Amino acid sequence: QVQLVESGGGFVQVGGSLRLSCVASGRSFNDYVMGWFRRAPGKEREFVAAIDWSYLLTSYADPVKGRFTISKDYAKNSVNLQMNGLKPDDTAVYYCAARSRSSRPEEIDYWGQGTQVTVSS
């Protein structure tokens, strides 16, 4: 059974930092792209960042470029999202996701359960 288990969310003040982690299990992800999405209150879920599990190529949404960093932890079989310079607009439920490398970006195969990030001003 494939599982994506997120952790690391919480409450932080403007300008602060959080590190999200997504532990992946249940199959090989060598041909997958792992990513983070978020859904703010009253808004559609949106893409945040992605990393190719094998080739480590990364991509970011414009609102988070220069502030967020996605990376892979080989030892823990996890994907991390380091979030710095947090803003109130970053408040959302953050979801870990995985899709086959050959799929379109919107064709997500697996989702995590989500972790809440709240940025207070």
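**Note on a predicted all-strand chain**

1. Secondary structure. The chain contains zero helices and 11 strands. This description, like every other in this note, rests on a predicted model. Read from the N terminus, the order of elements is β-β-β-β-β-β-β-β-β-β-β.

2. Overall dimensions. The radius of gyration of the chain is 13 Å, close to the 14 Å that the globule rule gives for 121 residues, so the chain is as compact as a globular protein of that length. Along the principal axes, the C-alpha atoms fill a box of roughly 40 × 30 × 25 Å.

3. Of the 121 residues in the chain, 45% are buried. Among contacts with a separation of 6 or more, 56% are made by residues 24 or more positions apart.

4. Surface and charge. The accessible surface of the chain is about 6,400 Å², and carbon and sulfur atoms account for 48% of that area. The chain carries 14 positive and 12 negative side chains. The centres of these two sets lie 3 Å apart.

5. The disulfide. One disulfide is found in a search of the whole structure. The bond joins cysteine 22 to cysteine 96, with an S to S distance of 2.1 Å. Cysteine 22 belongs to strand β3 (residues 18-25) and cysteine 96 to strand β9 (residues 92-100), so the pair ties together parts that are 74 residues apart in sequence. The torsion about the S-S bond is about -75°, so the disulfide is left-handed. Both cysteine 22 and cysteine 96 are buried.

6. Tryptophan 36. This residue is placed in strand β4 (residues 32-39). Is tryptophan 36 buried or exposed? Its relative accessibility is 0%, and buried means under 20%, so tryptophan 36 counts as buried. The C-alpha atom of tryptophan 36 is separated by 9.6 Å from that of glycine 112, although the two residues are 76 residues apart along the chain.

7. Valine 79. Strand β8 contains valine 79. With a relative accessible area of 0%, valine 79 is buried. Which residues are in contact with valine 79, leaving aside its neighbours within four places in sequence? They are Leu20, Ser21, Cys22, Met34, Trp36, Ile51, Trp53, Ile70, Ser71 and Lys72. For the pair valine 79 and alanine 98, which are 19 residues apart along the chain, the C-alpha atoms are separated by 10 Å.

8. Leucine 56. The backbone of leucine 56 deserves attention when the model is inspected. Leucine 56 has a positive phi of about 65° although it is not a glycine. Its place is in the loop between β5 (46-52) and β6 (58-60). Since its relative accessibility is 34%, leucine 56 counts as partly exposed.

9. Asparagine 77. A positive phi is also found at asparagine 77, with a value of about 50°, and this residue is not a glycine. Asparagine 77 lies in the loop between β7 (68-73) and β8 (78-83). The relative accessible area of asparagine 77 is 31%, and the residue is partly exposed.

Methods
Residues numbered from 1 in each chain as written. Predicted model: local features only at pLDDT ≥ 70, side-chain atom pairs only at ≥ 80, totals over all residues. Heavy atoms only, no water. Helix = DSSP H or I, 4+ residues; strand = E, 2+ residues; numbered from the N terminus. Rg over C-alpha atoms; globule rule 2.2 N^0.38 Å. Buried < 20%, exposed > 50% of the residue type's maximum accessible area, 1.4 Å probe, protein only. Contact = heavy atoms within 4.5 Å. Areas by Shrake-Rupley, 256 points an atom, 1.4 Å probe, with all protein chains shown as cover. Lys, Arg positive; Asp, Glu negative; His and termini not counted. Charge placed at Lys NZ, Arg CZ, Asp CG, Glu CD. Disulfide = S-S within 2.5 Å.
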